Amino acid sequence: MKQDIELNINGDLFQLTVETHRTLLEVIREEIGLTGTKEMCNKGDCGGCTVLMDGKPVLSCSMLAVEAEGTEIMT
């Protein structure tokens, strides 16, 4: 299943159609092309994928991209 979302990342708005099972990490790296957010353990243990969401650190490998809609994300 796919869903249209809008993500505010580093002050830029991105309108995307993503599969609902894709993580925020996958979308940031593969769809948007921002590779500074690292894919490391992909389990949420190491913190390499941490981004700021509304000023709070979150693990982007543990969050679905559709859950991030309407927030401000900094990589």
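The following legends describe close-up views of a predicted model.

Local features are reported at pLDDT of at least 70 and side-chain atom pairs only at pLDDT 80 or more, whereas totals for chains, interfaces and linings use all residues. Residues are numbered from 1 along each chain as its sequence is written, and side-chain values use heavy atoms, with hydrogens and water left out.

**View 1. The open sheet has five strands in the order β2-β1-β5-β3-β4, with mixed pairing.** Strands (E, at least two residues) and helices (H or I, at least four residues) are DSSP runs numbered from the N terminus. Two strands are taken to pair if DSSP finds at least two bridges between them. The edge strands are β2 and β4, each of which pairs on one side only. From one strand to the next, the twist averages 40 degrees; the axes are lines fitted to C-alpha atoms, and angles run from 0 to 180 degrees between N-to-C directions.

**View 2. Strands β3 and β4 form an antiparallel pair with four bridges.** Val-51 stands opposite Val-58 in β4, and the bridge partner of Thr-50 in β4 is Leu-59. The hairpin has two residues between the strands, and Asp-54 takes a positive phi near 50 degrees there.

**View 3. Helix α1 spans residues 24–31 and has buried residues Leu-24, Leu-25, Val-27 and Ile-28.** Buried denotes a relative accessible area under 20%, exposed denotes over 50%, and partly exposed lies in between (1.4 Å probe, protein chains only). An α-helix has 3.6 residues a turn, so residues three or four places apart point the same way. The buried residues of α1 pack against β1 (2–9), β2 (12–19), β3 (50–53) and β5 (72–74). Just after α1, Gly-33 takes a positive phi of about 85 degrees.

**View 4. The largest nonpolar core has 17 residues, of which Leu-7, Leu-24 and Ile-73 touch the most other members.** Such a core is a set of buried Ala, Val, Leu, Ile, Met, Phe, Trp, Tyr and Cys residues joined through side-chain atoms within 4.5 Å. Two or more residues of this core come from each of β1, β2, α1 and β3. Contact here means heavy atoms within 4.5 Å. Beyond its neighbours within four places in sequence, Leu-7 is in contact with residues including Phe-14, Leu-16, Leu-24, Val-27, Ala-65 and Ile-73.

**View 5. Thr-71 occupies the loop between β4 (56–59) and β5.** Thr-71 is buried, with a relative accessible area of 13%. Leaving aside neighbours within four places in sequence, Thr-71 is in contact with Asn-8, Met-53 and Asp-54. A polar atom of the Thr-71 side chain lies 2.6 Å from the backbone oxygen of Ala-68. Val-27 is 44 residues away from Thr-71 along the chain, and the C-alpha atoms of the two are separated by 15 Å.

**View 6. Cys-49 lies in the loop between α1 and β3.** At 4% relative accessibility, Cys-49 counts as buried. Not counting residues up to four places away in sequence, Cys-49 touches Leu-25, Thr-37, Lys-38, Val-58, Leu-59, Ser-60 and Cys-61. The C-alpha atoms of Cys-49 and Lys-38 are separated by 5.0 Å, although these residues are 11 apart along the chain. The closest cysteine sulfur to that of Cys-49 is in Cys-61, at 3.6 Å, which is too far for a bond.

**View 7. Cys-41 is partly exposed, with a relative accessible area of 27%.** A disulfide is defined as a pair of cysteine sulfur atoms within 2.5 Å. By this rule the count is zero disulfides. Cys-41 is in no disulfide, and the nearest cysteine sulfur, that of Cys-46, is 3.7 Å away.

**View 8. Asn-10 and Asn-42 are loop residues with positive phi values.** Asn-10 lies in the loop between β1 and β2, where its phi is about 55 degrees although it is not a glycine. Asn-10 is partly exposed, with a relative accessible area of 30%. Asn-42 lies in the loop between α1 and β3 and has a phi near 60 degrees, a positive value in a residue other than glycine. At 42% relative accessibility, Asn-42 also counts as partly exposed.

Terms used: A polar contact is a pair of N or O atoms within 3.5 Å; within protein, one must be able to donate a hydrogen and the other to accept it, and residues adjacent in sequence count only if both atoms are side-chain atoms.
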